[in-house]
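Here is a short briefing for a first look at this structure. It goes topic by topic.

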Amino acid sequence: MMRFAYSRATDIAEAVRNADVAGARYVAGGTNLVDLMKYDVEQPTALVDINALNLHAITELAGGGLRLGALATNADTAYDPRVQARYPLVASAILAGASAQLRNAATNGGNINQRTRCYYFYDTATPCNKRAPGSGCGAIGGFNRIHAILGTSEHCIATHPSDLCVALAALEAEVQVTGPEGERVIPFADYHRLPGDEPWRDNVLRPGELVTGIDLPSEGFAQHSTYLKLRDRQSYAFALVSAAVAMRIENGVIAEARIALGGVAHKPWRRVEAEALLAGQAPDVLLFGRAADALLAGAQTFGGNDFKPDLARRTIIRACQDAVGSWFE
Ligand code: SF4
């Protein structure tokens, strides 16, 4: 591990000022960043500790939503009674991820900024365009069981590992950030990137910008939502495929539907045209299959992950059935 400067900020302005040097990183729970530093994948010149900032709370928003503080832990968020009652999709997605110990330390801001778990990204002896731009991609033509099937590029086929982000994409959350140029709000669909020609950029944060909160809209789809995660072992594993489904059902008809996928792309994967197929229709397995086909159209596999399109299709259908619930029986 290389040497780095360390500072502990006491307010947001101080944190942003301290991070205004090349190679600086914010650190809170450190559950991903510290691992990456030990592996020499991340080599920050300065760590700005933000744990003392007043961003730990979960607060009501004027319009009926909730603001998840960037420093609220994943555990505190999942077990918050308001989150459990109004946003069960968020609670169940968080509890499907990591371990209890990690969820006690990991923060919401860190969760959305965590980096891929591509094996080659963590192994500095192998080529990886995300870690070392221009070095190549070890996963293409290598071992790629966990890798993406949608939105890939010739430079990177990594997936985003977060469960929480899949739920946040389905709910259309917003990310609050503050940086050297002031505050801004980023719609969740725009927050993470596809790899394209710049796979080292996971999201659209500008240098020095700090995530301060995540806003959940008033509509939480509490009556009809589910998070379904398929993985190689029952706990403490990243998704091979996951689906966050949220529906509003009125008079036996799907008035609105959201489907976001995890484990298949560099960001949570949604297509509004797939969801539009469900709107105005009565719940039906064949209908869910058509939506799955639209959501997965153009999927490309790389050998080790050839099983993913079929697994994803079945995951979507099952998650839609679960979201509709007993009404569907
Ligand atoms: Fe690196 Fe992306 Fe290729 Fe993995 S898939 S080796 S993260 S470039």
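An open sheet of five strands runs in the order E4-E5-E8-E6-E7, with antiparallel pairing. Two strands count as paired if DSSP finds at least two bridges between them. Strands (E, at least two residues) and helices (H or I, at least four) are DSSP runs, numbered from the N terminus. The model is predicted: local features need pLDDT of at least 70, side-chain atom pairs count only at pLDDT 80 or more, and totals for chains, interfaces and linings use all residues. Residues are numbered from 1 along each chain as its sequence is written, and side-chain values use heavy atoms, with hydrogens and water left out.

- E6 and E7 pair in the antiparallel sense over six bridges.
- Thr178 stands opposite Glu183 in E7.

**The second largest pocket**

- This pocket has a volume of about 230 Å³.
- A pocket is an open set of points on a 1 Å grid over the protein atoms alone, where a 1.4 Å probe fits, with protein on both sides within 12 Å along at least five of seven lines; lining residues have an atom within 4 Å of a point.
- The volume is the space filled by probe spheres set on the points, which are joined across faces, edges and corners.
- Of the 14 lining residues, Ile12, Leu55, Arg67, Gln176 and Thr212 are the closest to its centre.
- Strands E5 (66–69), E6 (174–179) and E7 (182–187) each give two or more residues to the lining.
- E6 gives the most, with three residues.
- The lining divides into four nonpolar, seven polar and three charged residues.

**Helix H9**

- H9 (residues 164–171) is mostly covered: eight of its eight residues are buried, meaning under 20% relative accessible area with a 1.4 Å probe, protein chains only.
- Among them are Leu164, Cys165 and Leu171.
- Glu172 follows H9 and has a positive phi, near 60 degrees.

**Arg115**

- Arg115 sits in the loop between helix H7 (108–113) and helix H8 (119–122).
- Arg115 is buried, with a relative accessible area of 14%.
- Its side chain makes a polar contact of 2.8 Å with the side chain of Asp202.
- Another polar contact, of 3.3 Å, joins the side chains of Arg115 and Glu42.
- A polar contact is a pair of N or O atoms within 3.5 Å; within protein, one must be able to donate a hydrogen and the other to accept it, and residues adjacent in sequence count only if both atoms are side-chain atoms.

Definitions and conventions. Buried < 20%, exposed > 50% of the residue type's maximum accessible area, 1.4 Å probe, protein only. Nonpolar A, V, L, I, M, F, W, Y, C, P; charged D, E, K, R; others polar.
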